[in-house]
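Here's a quick briefing to read with the model open beside you. Have a look at the chains, then work through the points below.

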Amino acid sequence: MSWRDEWRRARAIAWKDLTAERRSKAVFNSVLALAVTILVLFGFALGPDTQALRDAAPGVVWLAALFAGVLAFNRSYQTEIEGGALDQLVLYPGSRRAIFAGKLMGNFALVGTTLAIVVALGVVLFQVDVPAQWPALVSILVFGCVGLVTLGTLYAAMASRSRVREVLLPLLLFPMLVPVLIAAIQATKSLLGGDLMHDAGAWARLLAAFDVIFVAASFLAFEIVIEV
Amino acid sequence: MSGIVDVPAIDATDVARRYGSSWVLRGVTLRVAPGEVVGLLGANGTGKSTFLRIVATLVRPHAGVLRVVGHDVRTAPARARDAVGYLAHMPGLYDDLTVRENLLFAAAMLDRRPQDADAALVRVGLGRAAEQRVRALSSGMQRRVAIARLVLRRPRVVLLDEPYSNLDASGIDLVNALIGEWTEAGVAALIVLHELAPAAGVLDRTVTIVDGRLAPNATDHQRHGGAMLRVTG
């Protein structure tokens with residue numbers, strides 16, 4: 001089975017997930033509503049202190065992305081389980097890694113879009129100045145999103161066959177995401193503050209290293225995770 | 001004939017499976033030859049569907065050996081999987097996609113052409129419903145979409161779990177015609193059945209699971225209304 005075949009299958013799975021989501025909008029609407037609610041509530045809780053809002057913005061944005069992501073990850077396998085489609089999916093020939101890659105791409109598109117909206121909204125609500133190094137900020141958001149979505153997609157697959165998957169997923173996922181979130185929040189914070197300590201690059205490299213490790217490990221582990 | 005023909009399509013020896021501490025299958029031994037059609041009977045909860053899922057590599061056996069066209073489901077599940085087509089009790093479709101999109105997705109996963117997906121839809125009589133969303137279809141029509149996906153798969157062993165449920169008379173005829181085409185091409189079929197009547201004329205033999213094992217007189221078709229069977233095993 002060549003990598004072209006696997007790539008074709010991964011694209012087919014991502015296309016299938018995104019087409020179904022585009023029609024139903026079941027996940028995107030709820031994910032976005034949750035993320036916006038978190039932003040607004042934190043905004044009210046922190047009060048009118050502009051500096052406090054700016055300091056809290058990176059943490060709140062990533063927290064909103066985390067909770068919104070968990071909803072999306074759970075849902076991405078729920079649609080497979082409900083009608084017995086997961087059985088058919090794993091019966092297709094080829095490596096199961098194509099399934100993971102397809103789910104990963106679909107979830108990345110969904111959570112990445114949500115994150116982009118949350119960041120735009122966060123800039124307005126928390127009165128954050130867009131930094132001159134905004135391309136670096138975009139890179140951090142992409143790196144952070146990759147880490148979040150990779151682990152989320154893997155652990156959602158692990159929890160998918162459990163009847164208590166909604167409870168199980170956060171229990172499994174949150175501890176594993178701590179290093180990614182710390183690095184993403186610190187890098188975002190440094191960039192939004194003008195990178196005075198010149199530490200954004202170090203946090204970004206750490207984040208990229210986590211991504212490489214988690215992506216490689218997840219592709220290897222998925223074969224076992226999805227196996228009966 | 002070549003060696004491939006001599007290899008049983010399904011070769012199960014003392015296959016056992018438990019859920020928790022309860023053994024559902026206690027040692028099923030069954031051999032199905034290429035081109036043979038076997039009906040799998042038994043009361044509710046006797047493990048018929050579990051056995052089918054083991055053959056499909058969806059469930060691992062806890063004991064025994066099971067080979068699909070010579071490939072052990074435990075040690076070479078990917079090769080065994082490539083040979084089987086599985087029609088489950090649930091259709092396994094995506095409700096928010098159209099009928100054609102479901103088939104195009106299956107075609108992409110199976111390395112088939114889009115034209116093959118369209119031909120499969122026509123074959124099961126759903127050419128006119130191609131642009132309807134699956135959510136809007138009756139359960140019988142959803143069953144036909146699942147059957148079209150099976151046609152697209154071109155398996156060497158077909159595993160059918162109550163294939164006639166929710167189907168009207170023309171649907172039953174369709175399933176039987178497909179089984180006929182498959183067996184002529186040397187494809188083996190193992191069919192879980194609750195009623196023998198719809199499968200009359202296509203079964204070569206029946207086997208019955210009782211208490212997690214095949215009944216001693218497993219090929220006795222007379223118990224199940226015998227004369228309807230084409231050939232007795």
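What is the mean pLDDT of chain A, and what share of its residues reach 70 or more? The mean is 91, and 98% of the residues of chain A get to 70 or more; pLDDT is the predictor's confidence in each residue, from 0 to 100. This is a predicted model, where local features need pLDDT of at least 70 and side-chain atom pairs count only at pLDDT 80 or more, while totals for chains, interfaces and linings use all residues. Residues are numbered from 1 along each chain as its sequence is written, and chains are lettered from A and ligands numbered from 1 in the order in which they are written.

**Confidence in chain A**
- Among the elements of chain A, the lowest mean pLDDT (90) belongs to helix 2 (residues 26–46), and the highest (95) to helix 6 (residues 134–159). Helices (H or I, at least four residues) and strands (E, at least two) are DSSP runs, numbered from the N terminus.

**Where the chains meet**
- On chain B, 22 residues are in contact with 18 residues of chain A; contact here means that the C-beta atoms, placed from the backbone, lie within 7 Å.
- Helix 3 (77–83) and helix 4 (99–110) of chain B are the elements giving two or more residues to the side that touches chain A. Helix 4 of chain B gives the most, with five residues.
- By class, that side of chain B has 14 nonpolar, one polar and seven charged residues. Ala, Val, Leu, Ile, Met, Phe, Trp, Tyr, Cys and Pro count as nonpolar, Asp, Glu, Lys and Arg as charged, and the others, Gly among them, as polar.

**Strand 7 of chain B**
- Strand 6 (residues 84–87) of chain B runs parallel to strand 7 of chain B, joined by four bridges; B:Gly85 has B:Val158 as its bridge partner.
- Five bridges join strand 7 to strand 8 (residues 188–192) of chain B, also in parallel, and B:Leu160 has B:Ile191 as its bridge partner.

**A:Ala183**
- A:Ala183 sits in helix 7 (residues 165–192) of chain A.
- Why does A:Ala183 count as buried? Because 24 other C-beta atoms lie within 10 Å of A:Ala183.
- Leaving aside neighbours within four places in sequence, A:Ala183 is in contact with A:Trp203, A:Leu206, A:Leu207 and A:Phe210.

Conventions
Contact = placed C-beta atoms within 7 Å. Pairing = 2+ DSSP bridges. Buried ≥ 20, exposed ≤ 12 C-beta atoms within 10 Å, placed from the backbone.
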